[in-house]
Structures are given as structure tokens and as C-alpha cells.
Amino acid sequence: MTALAGLKVIEIAGLAPAPFAGKVLADFGADVVRVDRSTSAMNLDVLAQNKRSIALNLKSPAGIETLIRLCEKADVVIEPFRPGVMERLGLGPEVLLKRNPRLIYARMTGFGQEGHYAKMAGHDINYLAISGVLNTLGKHDEKPAFPINLLADFAGGGLMCALGVLLALQERTKSGKGQVVDAAMIDGVNYLGSFVYNMNKAGALFQTPAGTGQLDGGSHFYDTYKTKDGLFMAVGAIEVEFYKLLLKGLELDEEKDKLPEQMDSSNWPKMKALFTKIFLTKTQAEWVKIFDKTDACVTPVLDYYSMPTPAPAPKLLRTPAKAPVSSEGSDVFLEVGGESKKILTEAGFSEEEIRDLVAKKAVAGAGLEKSSL
């Protein structure tokens, strides 16, 4: 038994953040049905593991009504569009919550439902920029550095959306009512930065400009260093006792080598240059041998793409998530409309109704036409 077994989720096909929210729910046992376009031969969504697909024509009144009926039997719907799109389709919260008052209606947007940027296109880098978080990333006197599209799309977007869904589901156990979850990526990533923001206001750790503080690349004891073989080591020796072990591994002695005090920021550039020179004297494997199983907080920077398929997290020991699905080759893609007929049947559609939907080109799927006509 998985934690979310029995939970029925409708996910309107979209780009990375909304599919990731659906993936989190699916991996922990929810029955997630992705609604694809009936005219699409393929959906390149790589976050479709543990989901099913139905292909609907949402430009057709019959297709719209079909989706509404699916939502009547669902616990959650996740939509990825800009503000107003679902309303124009006749699928806004007012419509769906009227037909199913217990529905959790999750809206995944970049800039939110309202405000100056709400109707504008954007991507992770833009949401990071408007949230202010991008201005905290990067080296001193260099342009802001964005961590690919992880922070806004997935941490502040998809994961926060999934959290919002679970919070709304928990509240529903008390009220018996559904509600709208407004998951805007600029809000999510801004909230993620609470520690950084509050520490800056308290005058500790994170100073301005970026790249001059302890944890943002300004210090020598919290940074990455290149090794002799062109690989890298990550250093995070903040605490005094860990810093001493770092120096020991580097064969440095504070007194003998007349090293400056660790937190003396005026000497950080000098110490960083020294560390850079030392790390270049050995290969990554040699440094691993020196620092492995110590508390020096020094670890190798590994190749993410050479690691196993990411597994659902966190680990639930009594009701674990589903095993990770291989990301190799065609296994990563979900067949568009692959289970259209089964999904409709489960939702209470009769054979006659399904035949009628096929005739109206409101629904499509592999083998559906042949089996339904």
C-alpha cells in the first residue's frame, strides 16, 4: 500500500513544473491521468512515469464535457496554463468546483494569477529574476548564475504545487470542501529563500553584493575546487572543528603556516588562492581517499547523469513510494491516449457514449476507434 493509493488526479498536459507535481503524487501512489491533446501523436514529457494518458479534444464541446465528468470523479486537477485559459475553455474553478465541491483545483503558473507579469510568457530564469532570488546567486563582480531550471520550475514550482495539493487534501478531511491551490513559481521560490532573506536582514551569512558571504562563494571554506585530473571537490567546512580537519587534510597548520583566522573575510581571497593551488596537486580520487569518512565536509563533485535513476523522496518506511522507473530510451515517454477507453470506462462512460465521443472526434487513443465503432 502506497501513501496516496486511491487518490485520483487529473493532470492537464503541460511543461515541466506541473508534470513534476503530478509525478510526485503518482510516485507515491496516486492514480494520475494526464490529459493530452487528441491531435498530438507524441508528448515529449519525460516526467510521466507511473501515469496514464487519455487524449481529449478540448476545442470540442463534447471533449470539454468529458473532462468535466472526469473531474467529477477526481480528487485533484492540476492545470498548467496562463491565467484565464481554463476559464475561456469553460473549465475554470467556478465550473469544476460547482460540479465537484470536493475537488482540489491546482493552478501552476510562473508569475501568478494576478499582477504586472501575470499574462506574460516566462521560464525558470525569469521567475528567479522577478522573485529576487537570482540576484543572490553567482560570484562577486560577475553576472548572476542560474542553476539550470531547478529552483523555480521544480523546487518553487512543481514541488510547492504538490505540497499545496496535500495541504488542501488534509484540510478537506475537516471541511469536506475542495479549494483552489494557487501555485506561482515566483511565490514558491521566494518562500524557498526565507532563510537567505532572514539571515541577510539579521546581518549574518548572506551579504550584498552576492558572492561576498560565507555560503555564496565568498569564503574559501565553502566553495568548489578543481583537482589535478580536471574534476572537482566541494568544500563546506563552516564550523571550527570541521575547518581544522579540512586544514589537516590539506596538510596546513594554522600556527606553523601562520594562517589568518577562518572568519576574517579580508583574507578569504588569499586563502582561496592557496586552496586552489593545493587542490590542483592531487586527483579527485586521491582527495577522496584523504577526506573520506572524516568530518572535514569535503566531498567529490559527482556526475549526475552517471548516477542511477532518481528515486522518489522522502522514503516512507511503512508505505514506500513506487520503485523508480527507468529513464532509458522510449520507456521515459507515455503513449498519448494509451488508456483512453479504460479511463472513460472507469469513470462510468458507457460503450455507446464512448462510440459517440469517438464519432465526434472528442476523444482519441491507440485502438480506440477500432474497438468502439
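The model considered here is predicted, with local features needing pLDDT of at least 70 and side-chain atom pairs counted only at pLDDT 80 or more, while totals for chains, interfaces and linings use all residues. Residues are numbered from 1 along each chain as its sequence is written, and side-chain values use heavy atoms, with hydrogens and water left out.

Helix H5, residues 124-131, packs against helix H7, residues 185-192, at an angle of about 60 degrees and with the axes 9 Å apart, the angles running from 0 to 180 degrees between N-to-C directions. H5 and H7 are therefore oblique to each other, and their crossing is right-handed, meaning that the near helix is turned clockwise from the far one by less than a right angle. On the H5 side the contact (heavy atoms within 4.5 Å) is made by Tyr127, Leu128, Ile130 and Ser131, and on the H7 side by Met185, Ile186, Val189 and Asn190. By class, this contact of H5 with H7 has 6 nonpolar, 2 polar and no charged residues.

A second pair is formed by helix H1, residues 17-27, and helix H6, residues 151-175, which pack at an angle of about 45 degrees with their axes 8 Å apart. That angle makes H1 oblique to H6, and the crossing of H1 and H6 is right-handed. Pro17, Phe20, Ala21, Val24 and Leu25 of H1 meet residues of H6 that include Asp153, Phe154, Gly158 and Leu159. The residues of the contact of H1 with H6 divide into 11 nonpolar, 1 polar and 1 charged.

Notes. Helix = DSSP H or I, 4+ residues; strand = E, 2+ residues; numbered from the N terminus. Parallel < 35°, antiparallel > 145°, perpendicular 65-115°, else oblique. Nonpolar A, V, L, I, M, F, W, Y, C, P; charged D, E, K, R; others polar.
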